Amino acid sequence: NQFFENWSKNSGEDYELKFDLPTIFKLAINYAKDGQFDDAIRLYTHTSKLGDIDSMIELGLLLSDKDADYYQPKEALMWTEKAAEANNAVAFNNLGYFYQNEIGYDFDVSKMFEMYEKAAALGEGMAMSNLGDLYFYAKHVDQDYDKALEYYKEASKKLYSNNAKVVKIYYEKEDYENLLKHLKKDYEDSYSNIYYGILYDFGYGVKQDFKKAVKYYEKANNYDVYPYATERLLAY
């Protein structure tokens, strides 16, 4: 430890730049986690200039934060585009986000879809989720639950879960068999209770059971505020 402290002190402010590239990258990640963003940007910039694609992506993400005082959209765009030139799926996904949120680009629906679709074609699960969200929330396109469901299913294969939204889709489509299957995936018991309450209340896909309906409505309201659950409980 004494040797390292003396060596780092004698090496000057940028002593980290003498480390190997993977070590510098890890240091940058740790700086960002600790909120030392200036140091993270300094190291990411160094490794990006050395051609490290992951560093370019991380640097682009940092500099694209509109709420940060280090927001630099042109720099964020430059590094992300450079990573995309290497056919990187994450970079294409981030460019789609930039088009969607006017970061370095003017808003462009067709370009946004193009970037997301390129990323999805390369297997990027986040891009699949983003495409699903566009159709689920009807952002810039007409709402299409079938398309949203298709993208969410592909995203789940890449371990990107959108199960709460998938449940909502099956409920709206009155596909109670698939709805019940996916409600079992609510391992944190966060969104399933309101659906179980409704299902048992009206006998959708299950045998009607008012006691169970009340139990699930109460569990739902213990987790969050559900006006409909309260309305039904008052009715009972």
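User: Hi! How are H4 and H5 oriented relative to each other, roughly parallel or roughly antiparallel?

Analyst: Hi! In this predicted model, H4 and H5 are roughly antiparallel to each other. Helix H4 (residues 53-63) and helix H5 (residues 73-84) pack at an angle of about 155 degrees, and angles over 145 degrees count as roughly antiparallel.

User: How far apart are their axes?

Analyst: The axes of H4 and H5 are 8 Å apart. As for handedness, H4 passes H5 in a left-handed crossing.

User: Which residues meet there?

Analyst: From H4 you have Ile53, Met56, Ile57, Leu59, Gly60 and Leu63. Facing them in H5 are Pro73, Glu75, Ala76, Trp79, Thr80, Lys82 and Ala83. By class, nine residues of this contact are nonpolar, two are polar and two are charged.

User: Nice. Now H12 and H13: at what angle do they pack?

Analyst: H12 and helix H13 (residues 210-223) pack at about 160 degrees, with their axes 7 Å apart. That angle is over 145 degrees, so H12 and H13 are roughly antiparallel to each other. H12 passes H13 in a left-handed crossing.

User: And who makes that contact?

Analyst: On the H12 side, the contact is made by Asn193, Ile194, Tyr196, Gly197, Ile198, Tyr200, Asp201 and Phe202. H13 brings Phe210, Lys212, Ala213, Tyr216, Tyr217, Lys219 and Ala220. Sorted by class, the contact of H12 with H13 has ten nonpolar, two polar and three charged residues.

User: Asp201 is in that list. Which residue does Asp201 pair with in a salt bridge?

Analyst: Asp201 pairs with Arg232, and their side chains meet at 2.7 Å, N to O. Asp201 lies in helix H12 and Arg232 in helix H14 (residues 227-235), so the pair ties together parts that are 31 residues apart in sequence.

User: Are those two buried or exposed?

Analyst: Asp201 is buried, and so is Arg232.

User: How many salt bridges are there in total?

Analyst: The count comes to eleven salt bridges. One of them joins Asp14 and Arg42, with the closest N and O atoms 2.9 Å apart. Asp14 sits in the loop between helix H1 (2-11) and helix H2 (21-33), while Arg42 is in helix H3 (residues 37-49), so this pair links parts that are 28 residues apart in sequence.

User: How accessible are Asp14 and Arg42?

Analyst: Asp14 is partly exposed, with a relative accessible area of 37%. Arg42 also counts as partly exposed, at 25% relative accessibility.

User: Which residues are in the salt-bridge network with them?

Analyst: The network links Asp14, Glu16, Asp39 and Arg42.

User: What about Glu172, which residue is its partner?

Analyst: Glu172 forms a salt bridge with Lys168, and the closest N and O atoms are 2.9 Å apart. Glu172 and Lys168 are four residues apart in helix H10 (residues 163-172), so about one helical turn separates them.

User: How exposed are Glu172 and Lys168?

Analyst: Glu172 is partly exposed, with a relative accessible area of 39%. Lys168 is at 29%, which counts as partly exposed.

User: Switching to histidines. Where is His182, and is it buried or exposed?

Analyst: His182 is in helix H11. With a relative accessible area of 15%, His182 is buried, because buried means under 20%.

User: What does His182 touch?

Analyst: Leaving aside neighbours within four places in sequence, His182 is in contact with Asn163, Val166, Val167, Tyr170 and Tyr191.

User: And His140, what is its phi?

Analyst: Phi of His140 is near 70 degrees, a positive value in a residue other than glycine. His140 belongs to the loop between helix H8 (125-136) and helix H9 (145-157). Its relative accessible area is 42%, so His140 is partly exposed.

User: I'd also like to look at Asp189. What is its phi, and where is it found?

Analyst: Asp189 has a positive phi of about 55 degrees although it is not a glycine. You'll find Asp189 in the loop between helix H11 (176-183) and helix H12 (192-202). At 31% relative accessibility, Asp189 counts as partly exposed.

Methods
Residues numbered from 1 in each chain as written. Predicted model: local features only at pLDDT ≥ 70, side-chain atom pairs only at ≥ 80, totals over all residues. Heavy atoms only, no water. Helix = DSSP H or I, 4+ residues; strand = E, 2+ residues; numbered from the N terminus. Buried < 20%, exposed > 50% of the residue type's maximum accessible area, 1.4 Å probe, protein only. Salt bridge = Lys/Arg side-chain N within 4 Å of Asp/Glu carboxyl O. Axes fitted to C-alpha atoms, helices over the stretch in contact; angles between N-to-C directions. Parallel < 35°, antiparallel > 145°, perpendicular 65-115°, else oblique. Left-handed = near helix turned anticlockwise from the far one by under 90°. Contact = heavy atoms within 4.5 Å. Nonpolar A, V, L, I, M, F, W, Y, C, P; charged D, E, K, R; others polar.
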